[in-house]
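Trainee: I want to learn how to read features in a protein model. Can we take them one at a time?

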Amino acid sequence: MAQPFIKKDDDRDDEAEYSPFLGIEKGAVLQEARVFNDPQLDPRRCSQVITKLLYLLNQGETFTKIEATEVFFAVTKLFQSKDVGLRRMVYLMIKELSPSADEVIIVTSSLMKDMNSRTDMYRANAIRVLCRITDGTLLTQIERYLKQAIVDKNPVVASAALVSGVHLLQTNPEIVKRWSNEVQEAVQSRAALVQFHALALLHQIRQNDRLAVSKLVTSLTRGTVRSPLAQCLLIRYTSQVIRESAINTQTGERPFYDFLEGCLRHKAEMVIFEAARAITELSGVTSRELTPAITVLQLFLSSSKPVLRFAAVHTLNKVAMTHPMAVTNCNIDMESLISDQNRSIATLAITTLLKTGNESSVDRLMKQITNFMSDIADEFKIVVVEAIRSLCLKFPLKYRSLLNFLSNILREEGGFDYKKAIVDSIVILIRDIPEAKESGLLHLCEFIEDCEFTYLSTQILHFLGMEGPKTSDPSKYIRHIYNRVHLENATVRAAAVSTLAKFGAMIDELKPRIFVLLRRCLFDSDDEVRDRATLYINTLGGDGEVVETEKDVKDFLFGDLDIPLVNLETSLKNYELSEQPFDINFVPKEVKTQTLAEKKAPGKKTTGLGAPPTDPISTVDAYEELLSSIPEFSSFGKLFKSSAPVELTEAETEYAVTVVKHIFDRHVVFQYNCTNTIPEQLLENVTVIVDASEAEEFSQAASKPLRSLPYDSPGHAFVAFEKPDGVPAVGKFSNMLRFIVKEVDPATGETEEDGVEDEYQLEDLEVFAADYMIKVGVSNFRNAWESLGPDYERVDEYGLGPRESLAEAVNAVIGLFGMQPCEGTEVVPSNSRSHTCLLSGVYIGNVKVLVRLQFGIDGPKEVAMKLAVRSDDESVSVSDAIHEIVASG
């Protein structure tokens, strides 16, 4: 077992000096590689050089095209050597270099010769290398040899061909699928490894055909698999079939359950464990079905092998989450594992006991854990803390002893993650167990008296400000909070000032005392502390008298900020440079997402008018100022949202045109950004003719042409449409650029007086439902969801039809809504058959909207979706509109 406690000044450096690769450089190794060209090859020296090259490649060293080519051609000359060890190194080197198509031809003949060699080691390795470096064209030429190799008598050759088939299935599935008969024959092989690889390949060939997989499992569960590894694979495939097939409603029996139970009596320990784990992971598993698996795992708990003890206790730990009573029979065995030398096993045993123990055993377990905690690393302590938190929520009457335990270990030595886990646990217990609030807050107050982590101190102070005023005697926390103003750094002092202000806002009787403390903070050495104190003294008002705090002040101090901080920061920076008064209502709520291309090339900027400013705030402000300055649009009201520029022309055309969609309550304004890329032309009276015949809810209200468009000087043309008030009208618009062309003399710059009318067809433009939604994230989706309440909820189910994958369906719906994914739920785990996605945003009319999407695969590639929408619109019309988007999309 690796030692978890190794000092930084240990003897690792002494060991590193004996590394044969210490200090090697690419240039020197490439010079050494010239030995590959010697007339008399030295196999041992050549092997050493190849080893160094492989080391460099695996350490991330990159070879230039020329260097890689030179090394590759030099390595190919080593095929003339008959040394077996050197030949194996040559195979490895060719695989790692991954030569290009024109270079592969050089080595193909040598590899094909080795593939038909009498030396089995040559044959196996040549197959692996050929399949790694060849393309589909050459693969068809060697397919016959690969089929023969799959059924070869030598297990090394057969395994090499089968493993190559597994890799090739990703790039050339049509070819590999033709090998089904040979692979089926290899499944019956007596060689354990061949049977294992053959079964893996056969399942991958048939994995998209549920019926074929079911037939494969049915045929193999009759006892034809001898290899323990293959048997483990078969158990996993059987579990998959059980999950995908419904339980027989007449008998209540599961298909293949008898096979899994029979594997519990196998002679190989790995098969026994795999079967036990498979049974415990069955959905809706009953106590009767669990019993034989739990019995086997209980025997493993007393095994002399640490790996078996760990596997058993790890599985029982998972079972305890759903079936704690089924695991209680193992508690005596697990208690003996608390003193196990392997700390991972001991930690899992403790956490499992905490999940399965009853209320009477809590105190006894706490005594055992107290001695145990000092012997384990922080990462294991965190697991124990989380288990104690779960136990306290399960037995709330035991909160005193468990809170005392958490507060005691909070005062002991430990890292940030460990202390944060304890603080988070105490906070959750305070929120979920009302009786624990006062004692829990006092424990947190004691902790911040000697807390070395600024982040934790500020978090606790913020929590005290939210929960402290709601207790029976709020004044007892004031001393702990004010101590922070004298004894901590500036960040914590500023947080303490804010907490004091919250007590003053919520408890009118404490306001005079709070005012005295806040006035003392006006003389602090830090600007932030002084500014906060000044702000709160003026905000609370009343000169410290016992008066009721206004509702607006409480909202300011306790309300959630629904504006992204990056947007607020940028607006404040712009405010510093302007003379206009600051208004928080004009701060954009939309979240600016950076594309992958922008992340990769931050210095690259788009040219021309179509390029928006890089700053999201300045973009919105610039658009708002531009539109309000145009008389035709000044009466449209406040701008709700501006889209990203949409290209209406292809690259490298005569005229570059992009369009920005500006959304108002009753209007949509299209801003056409035009650039003339022909030096010999001047465009005048540039207008955009828009056909809205496919957008029935829109009617043209105004337009503003562009008077002149010189070469490479961007300009704007506008067209405004009226739409129903607050309705997410959608439609397609066809666009035609109409203008007068005048010739320009490039030498003198003079323009001809006479011009010619011309037209230029642009791409169609669409207004989507997502254009009426601003991406606004929420910090805590659950709290935000519950705050809206079920009265404003609308739920319905939809079929999304056939989809390539669940992830594709999730991304399509997110794109359809144009909302901000929350808590990373836009990422779908691989091979998942169900997924929940959380979205938030602001709908036109400044209506806050939250969406909970539940996806599931219903039939082959058919995706079903349950959509739940909550909004702060009392009429629920917005929730209906969101559902209408899905129904019509």
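**Reading the features**

Mentor: Start with Cys-837, which counts as buried at 0% relative accessibility. Buried means under 20% relative accessible area, exposed means over 50%, and partly exposed lies in between (1.4 Å probe, protein chains only). One caution before we go on. This is a predicted model, where local features need pLDDT of at least 70 and side-chain atom pairs count only at pLDDT 80 or more, while totals for chains, interfaces and linings use all residues. Residues are numbered from 1 along each chain as its sequence is written, and side-chain values use heavy atoms, with hydrogens and water left out.

Trainee: How many disulfides does a search of the whole structure find?

Mentor: Zero, across the whole structure. Cys-263 is another cysteine in no disulfide, and its nearest cysteine sulfur, in Cys-232, lies 8.7 Å away. Cys-263 is buried too, with 3% relative accessible area.

Trainee: Next, salt bridges. How many are there by the rule?

Mentor: Side chains of opposite charge can pair when their charged atoms come close. The rule asks for a side-chain nitrogen of Lys or Arg within 4 Å of a carboxyl oxygen of Asp or Glu. The count comes to 27 salt bridges. Take Lys-420 and Asp-424 as one of them: their closest N and O atoms are 3.0 Å apart.

Trainee: How many residues apart are Lys-420 and Asp-424 in helix 25?

Mentor: They are four residues apart in helix 25 (residues 416–432), so about one helical turn separates them. Helices (H or I, at least four residues) and strands (E, at least two) are DSSP runs, numbered from the N terminus. Lys-420 is partly exposed at 25%. Asp-424 is partly exposed as well, at 32%.

Trainee: Which pair links distant parts of the chain?

Mentor: Look at Lys-661 and Asp-771, a salt bridge with its closest N and O atoms 3.0 Å apart. Lys-661 sits in strand 3 (residues 655–663), while Asp-771 sits in the loop between strand 11 (765–767) and strand 12 (773–775), 110 residues apart. Both Lys-661 and Asp-771 are buried.

Another case is Glu-684 with Lys-742, at 3.0 Å from N to O. That pair also links distant parts of the chain: Glu-684 is in strand 5 and Lys-742 in strand 9 (residues 731–743), 58 residues apart. Glu-684 is partly exposed at 24%, but Lys-742 is buried at 14%. Salt bridges can share partners too: Asp-120, Arg-123 and Asp-152 are joined that way into one network.

Trainee: Which residues gather in a patch of negative charge on the surface?

Mentor: Glu-680, Glu-743, Asp-745, Glu-750, Glu-752, Glu-753 and Asp-754. Patch members have over 30% relative accessible area and no salt bridge; like charges are joined within 9 Å, and nonpolar side chains (Val, Leu, Ile, Met, Phe, Trp, Tyr) within 5 Å. Glu-680 sits in the loop between strand 4 (667–676) and strand 5 (681–694). At 35%, Glu-680 is partly exposed.

Trainee: Which residues form a nonpolar patch?

Mentor: Leu-572, Tyr-575, Phe-582 and Ile-584, with about 330 Å² of accessible area together (Shrake-Rupley method, 1.4 Å probe). Ile-584 belongs to the loop between helix 33 (565–577) and helix 34 (596–600). Its relative accessibility is 39%, so Ile-584 counts as partly exposed.

Trainee: Last, backbone angles. Which residue has a positive phi of about 50°?

Mentor: Most residues other than glycine have a negative phi. Asn-685 is not a glycine, yet its phi is positive, at about 50°. Asn-685 lies in strand 5 and is partly exposed at 44%. Glu-823 also has a positive phi, about 60°, without being a glycine. Find Glu-823 in the loop between strand 14 (820–821) and strand 15 (834–843). At 53%, Glu-823 counts as exposed.

Technical notes. Lys and Arg count as positive and Asp and Glu as negative; His and the chain ends are not counted. The place of a charge is taken as NZ of Lys, CZ of Arg, CG of Asp or CD of Glu. A disulfide is a pair of cysteine sulfur atoms within 2.5 Å.
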